[in-house]
Amino acid sequence: MSGSKRKSSLTWQYIVVIIAMLLFLFPILWMFLTSLKNQTDAFTTIPKWTFPATLDNYKAVLVERDFLQYLWNSLIVAGISTVFAVIFGSGIAYPFARYKLKGAKDVLTWILTLRIIPPIVTILPIYLLFSKIGLLDSYTGLILMYTFMNIPLTTWLLYGFFKDVPGEIEESALVDGCNRFTAFFRVIFPIIGPGLISAGLLSFIFAWNEFLFANILSGPSVRTAPVGLNEYATPVSVLWGQIAAAGTLIIVPIAIITLILQRKMVSGLTMGAVKG
């Protein structure tokens, strides 16, 4: 009976997982199918599952509307801000995890609250500040914005990994002739590699998909891909086929990166539990 109950429980778990996967993947599948339809088929009241596929939407998005430049802008902003967020997050998390600093938990809690604040609350003062110092419609402005947005995330994720590294490993490196700097980069960094990948990938995804700050702080020069989707909704009509094609192009880079790094990311998320 025990084996039968275990098998039945496992079967129900698989059913729940399959249903959840279908619920999550169906919108993506529907968007991809819509990107292959012409404007008439995309606007039909009754959805069409069989239709003549066309790549005209992708041609219009990439060639006529230069959406590739928006993807490039997103890649630059998200990539550079992710590197900075991981570097600064490591620099903040390491001393708090390794040394018993006074008020460490209070400071870490304050850092976390920076992530809790709704972005809409801060957009007006940030816009006024950036307009004064000339950072509107620039890579520098968006990179700074996304870096400071993701520092709380990287700090808390990496704090758990640094806590998991035994202090004896670093002490052994110091005995072998390393100083604090070389021990940090040659010994500690390789050990927390999965954590760096997890923190970096999550930061990249948040920066890649962010819309509010990109919409307010960017302009024609550095418009990112999520903001570029606005061009397909006009007062006359909504170009659903081109929106779906552009949305598919936005998802593809994230999907490829996630598939490549999924093993290290999963191990990073499961091993980096924050200790008290």
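As a general point, side chains of opposite charge can pair when their charged atoms come close. How many salt bridges does the structure hold? The count is 1. Please keep in mind as I go on that this is a predicted model.

Let me step back to the whole chain. Along its principal axes, the C-alpha trace spans about 75 × 70 × 35 Å. The chain has 276 residues, and 38% of them count as buried. Its accessible surface comes to about 16,200 Å², with 71% of that belonging to carbon and sulfur atoms. As for how the chain meets itself, take the contacts between residues at least 6 apart in sequence: 77% of those join residues at least 24 apart.

A word on annotation. An unreviewed UniProt entry carries the label "domain: ABC transmembrane type-1" for residues 71-261. In our model that span is 80% helix and 0% strand, and its end C-alpha atoms lie 21 Å apart.

Which residues make the nonpolar surface patch of about 570 Å²? They are Val17, Met21, Phe24, Leu25, Ile28 and Ile251. Helix α1, residues 2-35, gives the most to this patch, with 5 residues. Valine 17 is found in that helix, α1, and it counts as partly exposed at 44% relative accessibility.

Now for a residue at the other end of the scale. Is serine 81 buried or exposed? Serine 81 is buried, with a relative accessible area of 0%. You will find it in helix α4. A polar atom of its side chain lies 2.7 Å from the backbone oxygen of valine 77. If we leave aside neighbours within four places in sequence, serine 81 is in contact with Ile143, Tyr146, Thr147 and Ala207.

Helix α7 gives us threonine 140, which counts as partly exposed at 47% relative accessibility. The C-alpha atoms of threonine 140 and serine 90 are separated by 21 Å, and these residues are 50 apart along the chain.

Aspartate 66 is not a glycine, yet it has a positive phi of about 55 degrees. Where is it found? Aspartate 66 is in the loop between α3 (56-64) and α4 (67-98), and it is partly exposed, with a relative accessible area of 42%. Then there is aspartate 137, again not a glycine, with a positive phi of about 55 degrees. Aspartate 137 is found in the loop between α6 (119-133) and α7 (139-164), and its relative accessible area of 24% makes it partly exposed.

Technical notes:
Residues are numbered from 1 along each chain as its sequence is written. Side-chain values use heavy atoms; hydrogens and water are left out. Helices (H or I, at least four residues) and strands (E, at least two) are DSSP runs, numbered from the N terminus. Buried means under 20% relative accessible area, exposed over 50%, partly exposed in between (1.4 Å probe, protein chains only). A polar contact is a pair of N or O atoms within 3.5 Å; within protein, one must be able to donate a hydrogen and the other to accept it, and residues adjacent in sequence count only if both atoms are side-chain atoms. Contact means heavy atoms within 4.5 Å. UniProt positions are given in the numbering used here, feature names are shortened, and annotations may be inferred rather than shown by experiment. Patches are made of residues with over 30% relative accessible area and no salt bridge: like charges are joined within 9 Å, nonpolar side chains (Val, Leu, Ile, Met, Phe, Trp, Tyr) within 5 Å. Accessible areas come from the Shrake-Rupley method with a 1.4 Å probe; for residues, only the protein chains shown count as cover. A salt bridge is a side-chain nitrogen of Lys or Arg within 4 Å of a carboxyl oxygen of Asp or Glu.
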